[in-house]
Amino acid sequence: MSARHEFAAGARDLLPALVSLFPIAVIIGITAVETGLTTPQAIWMSVGIYTGLAQAAMLELMNASASMVVIVAAGVIINLRLLLYSASLAPYFDSQSLNERISLAYLNIDTVYALSIATFENGGTDEKAAYYVGAGVASWVVWQSGTLVGLFFGGIVPDGLNLEFAIPLLFIALLVPVLNDRPAIGAGVAGGSVAVFAAGLPFNLGLIVGTLAGILVGVFGERRWST
């Protein structure tokens, strides 16, 4: 099929994920307002970071009055998984120029990666870049639209309505679907347990320590259980 058809196919195939992605983006937008971010700041955060897990973690740390160093470190550590996604997709884009691959990397989030790698491995498309971009653009538009809706309604939420519960629920919504094998389950249990026990660490470092623990257990489990 032509690149145009593959672009549309990528967007269409991602539609089931987009249905659940939109309300998550709305929650992120509302929580950003509750955290005290201005509308321009929240928009820049959504466009610049563009991953639900990292944004949720950073907003949680902002609510806990963590230092900026800890907030940024948490976002970077959580997004390290995107390096693995990029390495996995790289062979399918070796015909693209460096600038094109850099641009493609911006769209590489969990849902887009999962759909693209499954399609590519099964030989589902010859126009891989077009298919990937179609899925990526659809995801980006839905995410930013949901964030804007959240920002709009977040500004009129009554002062007495506390939305701090939204971030833990968001983490659960994002986490449960990926706990689909033993390494993932081990990483989730280890990361959550360590984060709870490390909650009293200074500078709100508990989340970062828990994240690192989850990564280590996940890597160890992947090597142990895949052999």
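Q: How many salt bridges does a search of the whole structure find?
A: This is a predicted model, and a search of the whole structure finds one salt bridge.

Q: Which side chains meet in that salt bridge, then?
A: The pair is R12 and D13, whose side chains come together with 3.7 Å from N to O, which falls within the 4 Å that the definition asks for.

Q: Is R12 buried or exposed? And what about D13?
A: R12 counts as exposed because its relative accessibility is 53% and the cut-off is over 50%, whereas D13, with a relative accessible area of 34%, is partly exposed.

Q: Changing topic, what does α4 look like in length?
A: Helix α4 covers residues 52-63, which makes twelve residues, and the distance from its first C-alpha to its last is 16 Å, close to the 16 Å expected at 1.5 Å a residue.

Q: Which residues in α4 are buried?
A: The buried ones in α4 are G52, A54, Q55, A56, A57, M58, L59 and L61; just after the helix, S65 takes a positive phi of about 60°.

Q: Which residues make the nonpolar surface patch?
A: M68, V72, V76, L80, L83, L212, I215 and V219 make a patch of about 690 Å², and the elements giving two or more residues to the patch are α5 (68-78) and α12 (206-225).

Q: Where is V76, and how exposed?
A: V76 lies in helix α5 and, at 48% relative accessibility, counts as partly exposed.

Notes: Residues numbered from 1 in each chain as written. Predicted model: local features only at pLDDT ≥ 70, side-chain atom pairs only at ≥ 80, totals over all residues. Heavy atoms only, no water. Buried < 20%, exposed > 50% of the residue type's maximum accessible area, 1.4 Å probe, protein only. Helix = DSSP H or I, 4+ residues; strand = E, 2+ residues; numbered from the N terminus. Expected span 1.5 Å × (residues − 1). Patch = residues over 30% accessible without salt bridge, like charges linked within 9 Å, V, L, I, M, F, W, Y side chains within 5 Å. Areas by Shrake-Rupley, 256 points an atom, 1.4 Å probe, with all protein chains shown as cover.
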